[in-house]
Amino acid sequence: MTLLLFLTIVFIAHFIADFILQSREMAQQKSQDFRVLAEHLMTIDAVITIATIAPFIVHYGAIKGVLATLGFSFLNGVIHGAIDWHIWRAYKWSILKWMRYNRDHESVRRYRATGVFPYWE
């Protein structure tokens, strides 16, 4: 199996796990609630494991293939979790900064009062 084919499989699995199997509420809450992030990461790890186990077994053999799959899924989950935990924080920070710069004080006040981010809807 070529590297390009393997990366295509991983990309498709990631797309399914991150966009099709993830609800809007999960996407909004995964950077605020660790339990939601953990649920999201378990979904991603399950899909990545299912998608990559056959290529790893073919390439490395049964035992090494399973271990390689689990290691790859774990590493993918750690990196994905770190990105997801921080990405919305960075996004909210940049939008709040933009609202202050543009003197959109009403949106800033509404966000502070309700905790609902005005640009998510």
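Select helix H1 (residues 3-20) together with helix H3 (residues 34-60): their axes come within 9 Å and cross at roughly 155 degrees. Axes here are lines fitted to C-alpha atoms, for helices over the stretch in contact, with angles running from 0 to 180 degrees between N-to-C directions. Helices (H or I, at least four residues) are DSSP runs, numbered from the N terminus. The model is predicted, so that local features need pLDDT of at least 70 and side-chain atom pairs count only at pLDDT 80 or more, while totals for chains, interfaces and linings use all residues. Residues are numbered from 1 along each chain as its sequence is written, and side-chain values use heavy atoms, with hydrogens and water left out.

**The helix pair**

H1 and H3 are therefore roughly antiparallel to each other, the term for angles over 145 degrees. H1 passes H3 in a right-handed crossing, in which the near helix is turned clockwise from the far one by less than a right angle.

Next, display the side chains of the contact (heavy atoms within 4.5 Å). On H1, select Phe6, Ile9, Val10, Ala13, His14, Ala17 and Asp18; these meet His40, Thr43, Ile44, Val47, Ile48, Ala51, Thr52, Pro55 and Phe56 in H3. The residues of this contact divide into eleven nonpolar, four polar and one charged. Ala, Val, Leu, Ile, Met, Phe, Trp, Tyr, Cys and Pro count as nonpolar, Asp, Glu, Lys and Arg as charged, and the others, Gly among them, as polar.

**Two single residues**

Return to H3 and select Thr43, which counts as partly exposed at 25% relative accessibility. Beyond its neighbours within four places in sequence, Thr43 is in contact with Ala17 and Leu21.

Finally, move to Ser31 in the loop between helix H2 (24-29) and H3. Ser31 counts as buried, at 0% relative accessibility. Not counting residues up to four places away in sequence, Ser31 touches Asp84, Trp85, Trp88 and Arg89.

Notes
Helix = DSSP H or I, 4+ residues; strand = E, 2+ residues; numbered from the N terminus. Parallel < 35°, antiparallel > 145°, perpendicular 65-115°, else oblique. Buried < 20%, exposed > 50% of the residue type's maximum accessible area, 1.4 Å probe, protein only.
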